[in-house]
Every structure is written in structure tokens, then in C-alpha cells.
Amino acid sequence: PLVVAIVRGQLAPILQDPLPEGELRALLQQLVQAAAANGVAGVSPPVSPGADAGAAEAAEDNVDEVEDPPAHPRAEEALLAGDVDTAIQEYEAVLAAAPADQEAVLGLARATLLKRTQGVDLAAARATAADRPDDVDAQLLVGDLDLLGGHVDDAFGRLIDLVRRTSGPDRDRVRSHLIELFGVVGDDDPRVGKARSALASALF
């Protein structure tokens, strides 16, 4: 099952396959840090399963955050409904009118990532990539799946290694794809800065 988070109205793919508890806890901690960096820092006291409705309402009243409405609600609603094609069309329409809209750029990158991985058999994709280490399409697909599964370093490392092994148009294609994945994760994530340095070393 695909798990996503919504931070200040922006959809953030989290994982697509089960993770060990330790990795999941680390991933959730990163999500909390990302939320805090985006100004979402509200805290709600826990409510026990047996609490009555009044206690639950009191807990809700203690939440001190106010989330911004989605910048592009039609696109976000389409994504939440699983209609990735409509979401892509909505983001593309926004960018046609406002090419500098960074939230739309990010939203389009995330929606496109979801589109590329829809209906893909993870085990089959990994087997194909293992059998064909120089197959650019196979490696890019597994990179996408790794990113959606929360294995960000694995995704970046796979494509950086592929940059080292390719040249000409193939290398440019891998580099462009990797930069797109950087945008999906966000420049504030330290893993992106580390991967950018590794990419520069691989290119030069």
C-alpha cells in the first residue's frame, strides 16, 4: 500500500512497501522534522482508545497549528482520489500560466513519479534491474520505486552509480532523472545535498 503525508497542503510520498520498525521510526522522525521546517509544529496530547467524545474534542482544541490551504486544490484532490492523470494535467495547466510556481513544479514531479510507478510489480522490477545492470530504463524504474518506498539513499546511490557507468545521451537522461528526484525529496533534506556532491564527483 502507498503511504503519503500531506504537509501544508503538499502531497509527500512516504513509502510503498513495508519497512522494518527501526527504519519506519527514522522515516517518521524525518517527516516530523520536515513538517517543523514548513511551520507545522502543533502538538496534540494523545487520547486513549477508550476516551469519550468530549476528551477527543478537548484534545483537538489543544492543537496549535493552522495549516495553509492547498496551493492547488484541484490537483491535490485528484492525487488523493488516485487520479494521477488529472493531477498531472492540473499542475501542467498551472505551470503553463505561471512557470515559476515552485509548488506546482514540485507537485508535478511527485505526480509524475506516482504515474511512472503505477501498477509496477516491485519484485519483478528489481529482478529485471539485477539481471540488466546497464539497462537505463530498468535502473531508473527501481530508483523511482526505492524513493517511493522510503529508501532515498538507495535510490540516489543507484542512479549516481549509473551516471558513472553511462555516457552521452544516456548519462544526460540519468542525470536529469536524478535531479528530478532531488526535487521530489526537497533541497532541505541533507540526503539531497550529499547526493548532489556525489553526482558532481561522478560527472567530473
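Let me start with a term: partly exposed means a relative accessible area between the buried limit, under 20%, and the exposed limit, over 50%. Ile6 sits at 41%, so Ile6 counts as partly exposed. Keep in mind that this is a predicted model.

Where is Ile6? In strand E1, residues 3–7.

Now the overall fold. The protein has ten helices and two strands. From the N terminus, the order is β-β-α-α-α-α-α-α-α-α-α-α. There are 204 residues, and 35% of them count as buried. The accessible surface comes to about 11400 Å², with 54% of that belonging to carbon and sulfur atoms. Take the contacts between residues at least 6 apart in sequence: 55% of them join residues at least 24 apart.

Next, the inside. In soluble globular proteins, nonpolar side chains tend to be buried together. Here the largest nonpolar core has 34 residues, and Leu147 and Phe156 touch the most other members. Several helices give two or more residues to this core, among them H3 (73–80), H7 (136–148) and H10 (190–203). Which helix gives the most? H8, with seven residues. A second, separate core has five residues, including Ala129, Ala138, Val142 and Leu145.

Asp83 lies between H3 and H4. Its relative accessibility is 33%, so Asp83 counts as partly exposed.

On to salt bridges. The structure holds twelve. Glu180 and Arg116 form one of them, at 3.0 Å, N to O. That pair links distant parts of the chain: Glu180 is in helix H9, Arg116 in helix H5, 64 residues apart. Glu180 is partly exposed at 28%, and Arg116 is partly exposed at 26%.

Asp137 and Arg173 form another, with the closest N and O atoms 2.2 Å apart. This pair also links distant parts of the chain, H7 to H9, 36 residues apart. Asp137 is at 46% relative accessibility; Arg173 is at 40%.

A local case: Asp161 and Arg164 meet at 2.8 Å, N to O. Both are in helix H8, three residues apart, so about one helical turn separates them. Asp161 has a relative accessible area of 37%, and Arg164 is at 45%.

Last item. Salt bridges that share partners join Arg116, Asp144 and Glu180 into one network.

How values were computed: Residues numbered from 1 in each chain as written. Predicted model: local features only at pLDDT ≥ 70, side-chain atom pairs only at ≥ 80, totals over all residues. Heavy atoms only, no water. Helix = DSSP H or I, 4+ residues; strand = E, 2+ residues; numbered from the N terminus. Buried < 20%, exposed > 50% of the residue type's maximum accessible area, 1.4 Å probe, protein only. Core = buried A, V, L, I, M, F, W, Y, C linked by side-chain atoms within 4.5 Å. Contact = heavy atoms within 4.5 Å. Areas by Shrake-Rupley, 256 points an atom, 1.4 Å probe, with all protein chains shown as cover. Salt bridge = Lys/Arg side-chain N within 4 Å of Asp/Glu carboxyl O.
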